[in-house]
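Student: I am new to this one. Can we go through the terms and see what each rests on?

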Amino acid sequence: MSMLWTGSSERRPLPPESMKLLDTSVLIDGRIADICEAQFLEGVLGVPQFVLHELQMVADSSEALKRQRGRRGLEVLQRIQKMPQVEVRILEEDFPQAGDVDHKLVELARRTGAKIVTNDFNLNKVATVQGCSVLNVNLLAHALKPVVLPGEPMRVLILREGKEANQGVAYLDDGTMVVVDGARRMINKSVDIIVTSVHQTTAGKMIFGRLEERAEQAAPPLRQAAAAGRGDGNGGMRSDATSKVETSARLPEQSTLERQGRPVFPEPDAG
């Protein structure tokens, strides 16, 4: 008969499956901090020393962009360490024979049963092939994209022209491209649209839509107002209303001349 362990009061280590190993790419990406802050990820987050070393090398790079990315990764790690609902544990295990950081991370996950948290496509594939559990932040972001159905209204900001005639292009917060028919003239304006179709491509999801009817009806008066002025022959502009007034003012003169076929002489004084 087995007995329950009643040893010292020292805190027992958590089960291996509750640990998640963070790789370099997910720390540089930064979204992992928001996920932890929203309490969708809790427990022990393990950061191996070889991952921390690689992150420090990126932060010390001579290239400005790499240096900025590395420093952001370190700041994200510090931010996660301050969260009370997660425990960040620096792991000393190393596997020199494994080669690069990705293979070391896979080997550590295999030996401990921990899950790997990453957004690296290749690491995701290698770890999965070797039987490791992977939490991919990119897949999570894709799963959280809002579901859009044809016929639903949407408000978007048109940023540039589309490939086809009279198209405008907008983007959602998650980067999804929205192609809007009839919106070429609406660049840098927010418009209401109706979704016509949704297509899934290798590059991601694309949404197609058209301007809502009330937006289309508001456009003709604007075009008429813009075209109301026209040249007066002297480089100036005058409105159609002014032209109509001037025309109506000349009509009586033309009518009088047509009725008078001979000169008109003044009548003699009555006295």
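Student: Which residue in β9 is the bridge partner of glutamine 167?

Tutor: Aspartate 181 is the partner of glutamine 167 in β9. This is a predicted model, where local features need pLDDT of at least 70 and side-chain atom pairs count only at pLDDT 80 or more, while totals for chains, interfaces and linings use all residues. Residues are numbered from 1 along each chain as its sequence is written, and side-chain values use heavy atoms, without hydrogens and water.

Student: What makes β8 and β9 a pair?

Tutor: Two strands (E runs in DSSP of at least two residues, numbered from the N terminus) pair if DSSP finds at least two bridges between them. Strand β8, residues 167-171, has five bridges to β9 and runs antiparallel to it. Therefore β8 and β9 count as paired. They form a hairpin with five residues between them. In the turn, glycine 175 has a positive phi of about 95°.

Student: How many bridges join β9 to β11?

Tutor: Five bridges join β9 (177-181) to β11 (204-211), and these strands run parallel. Aspartate 181 has arginine 210 as its bridge partner in β11.

Student: In which sense do β10 and β11 pair?

Tutor: Antiparallel, over eight bridges, with β10 spanning residues 190-201. Isoleucine 193 has leucine 211 as its bridge partner in β11. β10 is also joined to β6 by five bridges, again antiparallel. There, leucine 157 has serine 190 of β10 as its partner.

Student: What is the strand order in the five-strand sheet?

Tutor: β3-β2-β1-β4-β5, an open sheet with parallel pairing. Its edges are β3 (86-91) and β5 (134-136); each has a single partner strand, so one side of each lacks a neighbour in the sheet. The twist averages 30° from one strand to the next. β4, residues 115-118, is joined to β5 by three bridges. Isoleucine 116 has valine 134 as its bridge partner in β5.

Student: How do you know that α6 packs on the sheet?

Tutor: Contact means heavy atoms within 4.5 Å. α6 touches β4 and β5, and its direction makes about 160° with that of β5. Axes are lines fitted to C-alpha atoms, for helices over the stretch in contact, and angles run from 0 to 180 degrees between N-to-C directions.

Student: Which helices each supply at least two residues of the lining of the largest pocket?

Tutor: α6 (121-129) and α7 (137-143) do; helices are H or I runs in DSSP of at least four residues. α7 gives the largest share, four residues. The lining includes Arg31, Asp120, Phe121, Asn138 and His142. The space in the pocket is about 220 Å³.

Key: 1 Å grid on protein atoms, 1.4 Å probe; cavity = no way out; pocket = protein on both sides within 12 Å on 5 of 7 lines; lining within 4 Å. Points joined across faces, edges and corners; volume = space filled by probe spheres on them.
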